[in-house]
Amino acid sequence: MRAETQNTVEQIRKSLTLLGQRMDLETAPHRIEEFNAMIEDPTLWDDQARAQKLMRDRQQLMDKFETYNRIKQDLEDNVELIEMGEMEDDEEVVSEAEASLAALKETAASKELEALLDGEADANDTFLEINAGAGGTEACDWASMLQRMYVRWAEKRGYEVELQSEEPGAEAGIKSCAYKISGPNAYGWLKSESGVHRLVRISPFGKGTRETSFASVWVYPVVDDNIEIEVNPADIRIDTFRSSGAGGQHVNTTDSAVRITHHPTGIVVTSSEKSQHQNRDIAMKALKSRLYQMELEKRTAAINEAHENKGSAGWGNQIRSYVLQPYQMVKDLRTQYETSDTQGVLDGDLDGFMAATLALGLEGKSRADAQAEN
């Protein structure tokens with residue numbers, strides 16, 4: 001077997017080892033049997049939330065187990081084909097098997113990264129907020145560009161995207177927006193996007209000068225109904241107001257929009273749907289999710305990711321730079337991952353950046369560690 005092919009085989013085996021460790025391969029068949037026994041309980045669906053969580057956990061484990069076995073079998077089959085082809089001096093068989101191994105290596109590496117999405121809330125749906133920062137109208141326009149970027153990323157993955165609230169800018173773009181994004185591992189993938197995003201470009205508003213704009217992104221998981229988060233009524237203020245949105249397909253103009261302020265943490269959440277009752281429910285769920293996110297981060301010592309430390313949307317706090325002038329480059333300041341395909345990124349091609357940040361976790365590095373090194 002050629003050295004390059006042998007290296008490919010070793011990389012696939014390394015990915016398999018991590019996949020096996022992450023799902024606890026030795027106990028996986030036994031746990032699947034336990035799940036199967038539980039779903040046969042006729043009283044299971046008496047508790048809808050518990051039943052749905054059980055079914056989701058079972059399916060996730062089965063998917064991981066089947067993926068592991070499929071990659072392992074494909075690896076063995078192609079290695080066997082190469083050995084047979086070399087014995088029979090059949091270069092065509094060898095070449096086809098090597099090509100299959102190269103593709104399998106990419107699949108295994110992708111699954112290896114997905115295996116890192118095993119945090120307590122990684123599998124959950126997520127809320128995503130975008131707020132314009134320093135830069136006035138330029139920043140509001142930049143915030144709307146980020147809005148489009150994340151919506152496109154989510155839609156490419158087949159995720160469901162629901163606009164929760166939106167406040168337009170005075171002249172262009174948006175001051176802020178909030179979304180609920182639903183799909184497998186939505187929070188696990190998007191959580192690395194929390195932080196300040198910096199844009200450098202020639203102003204599109206007639207100035208003809210190079211401008212720098214900032215916007216902040218905040219991502220936190222949707223809390224499962226079976227997770228109890230207590231909110232003291234004395235700690236919150238609920239305001240109703242008329243939405244200033246543009247209406248139409250994006251925002252409903254309504255007198256029943258709701259804003260909840262949590263005094264102990266300073267967290268503010270809003271919802272601008274048609275029903276005031278619905279808005280209260282959505283906003284309260286968003287608040288509980290934010291509080292849950294903060295507790296998760298305290299537990300994992302990721303203090304630099306926490307709400308109180310994310311910093312203002314301006315100089316010195318950015319996690320990623322998007323440079324459109326005088327050259328084309330998007331660069332993540334934590335991982336040093338970069339690409340000159342700026343249009344692709346703005347059209348939602350973010351997987352490379354997210355994968356690079358997940359890989360930091362594989363190396364045991366925090367964001368602060370990575371930034372200190374670079």
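Show the surface of the protein chain: the accessible area is about 18,900 Å² (Shrake-Rupley method, 1.4 Å probe), and 47% of this area belongs to carbon and sulfur atoms. The model is predicted, so local features need pLDDT of at least 70 and side-chain atom pairs count only at pLDDT 80 or more, while totals for chains, interfaces and linings use all residues. Residues are numbered from 1 along each chain as its sequence is written, and side-chain values use heavy atoms, with hydrogens and water left out.

Next, colour by burial. Of the 374 residues, 45% count as buried, meaning under 20% relative accessible area with a 1.4 Å probe, protein chains only.

Switch to cartoon. The chain has 10 helices and 11 strands, taken as DSSP runs numbered from the N terminus (helices H or I, at least four residues; strands E, at least two). Of the contacts (heavy atoms within 4.5 Å) between residues at least 6 apart in sequence, 63% join residues at least 24 apart.

Now select Leu 128, Ile 130, Gln 147, Tyr 150, Val 151, Val 161, Tyr 179 and Ile 181, which line the largest cavity. A cavity is a set of points on a 1 Å grid over the protein atoms alone where a 1.4 Å probe fits but cannot get out; lining residues have an atom within 4 Å of a point. The space inside is about 30 Å³, the volume filled by probe spheres set on points joined across faces, edges and corners. The count of cavities of 30 Å³ or more is 1.

Finally, colour the lining by element. β1 (126-132), α5 (136-156) and β3 (174-182) each supply at least two residues, and α5 gives the largest share, 3 residues.

Conventions:
1 Å grid on protein atoms, 1.4 Å probe; cavity = no way out; pocket = protein on both sides within 12 Å on 5 of 7 lines; lining within 4 Å. Buried < 20%, exposed > 50% of the residue type's maximum accessible area, 1.4 Å probe, protein only.
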